[in-house]
Amino acid sequence: MEEFMQGVGVMGLVVLAVVGLAAGWIASQVSGGRHRGRYMLIGLVSAIAAPLLLVALGVTVLAASGLVAMLVAALIGAVIVLFLARLLFD
């Protein structure tokens, strides 16, 4: 985990956070503008957690591919979690 945090750095975490917030905002727009803060928070947490989870599971391709692969993993993770949240909340 420590190697992942050093590899990503502060700027990478900021970019992951922006991806998660954007995914949450889009999810709130799809659901009619309701629960905007909730969706943005869920998107933020899941976008940061998805690459961490993949690294913890031993997916080394993610760490070797760089920031673009982490952004794709974060976006996919955020979309999946937001879809599940939308099923629960709406």
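The largest nonpolar core of this predicted model is made up of ten residues: Leu16, Ala23, Ala27, Tyr39, Ile42, Ala47, Ala74, Ala78, Leu82 and Ala85. A nonpolar core is here a set of buried Ala, Val, Leu, Ile, Met, Phe, Trp, Tyr and Cys residues joined through side-chain atoms within 4.5 Å, where buried means under 20% relative accessible area, exposed over 50% and partly exposed in between (1.4 Å probe, protein chains only). Two or more core residues come from each of helix 1 (2–30), helix 2 (36–56) and helix 4 (67–89). Helix 4 contributes the most, with four residues. In soluble globular proteins, nonpolar side chains tend to be buried together.

Residues are numbered from 1 along each chain as its sequence is written, and side-chain values use heavy atoms, with hydrogens and water left out. Because the model is predicted, local features need pLDDT of at least 70 and side-chain atom pairs count only at pLDDT 80 or more, whereas totals for chains, interfaces and linings use all residues.

The protein chain has four helices and zero strands, and its pattern along the sequence reads α-α-α-α. These elements are DSSP runs numbered from the N terminus, with helices being H or I of at least four residues and strands E of at least two. Of the 90 residues in the chain, 30% count as buried. Among contacts (heavy atoms within 4.5 Å) between residues at least 6 apart in sequence, 68% join residues at least 24 apart. The accessible surface, from the Shrake-Rupley method with a 1.4 Å probe, comes to about 5,400 Å², and 75% of this area belongs to carbon and sulfur atoms.

Beyond its neighbours within four places in sequence, alanine 47 is in contact with Leu16, Gly20, Ala74 and Ala78. The C-alpha atoms of alanine 47 and alanine 78 lie 5.0 Å apart, although 31 residues separate the pair in sequence. Leucine 82, with residues up to four places away again not counted, touches Ala23, Gly24, Ala27, Tyr39, Ile42 and Gly43.

Helix 2 also holds serine 46, which counts as buried because its relative accessibility is 6%. A polar atom of the serine 46 side chain lies 2.8 Å from the backbone oxygen of isoleucine 42. Apart from neighbours within four places in sequence, serine 46 is in contact with Gly77, Ala78 and Val81.

Serine 28, in helix 1, is buried, with a relative accessible area of 0%. Its contacts, leaving aside neighbours within four places, are Gly33, Arg34, Arg36 and Tyr39. Arginine 38 of helix 2 is ten residues from serine 28 in sequence and 8.6 Å away in space, C-alpha to C-alpha. Arginine 38 is partly exposed, since its relative accessible area is 37%.

Isoleucine 80, found in helix 4, is partly exposed, with a relative accessible area of 48%.

Definitions and conventions:
A polar contact is a pair of N or O atoms within 3.5 Å; within protein, one must be able to donate a hydrogen and the other to accept it, and residues adjacent in sequence count only if both atoms are side-chain atoms.
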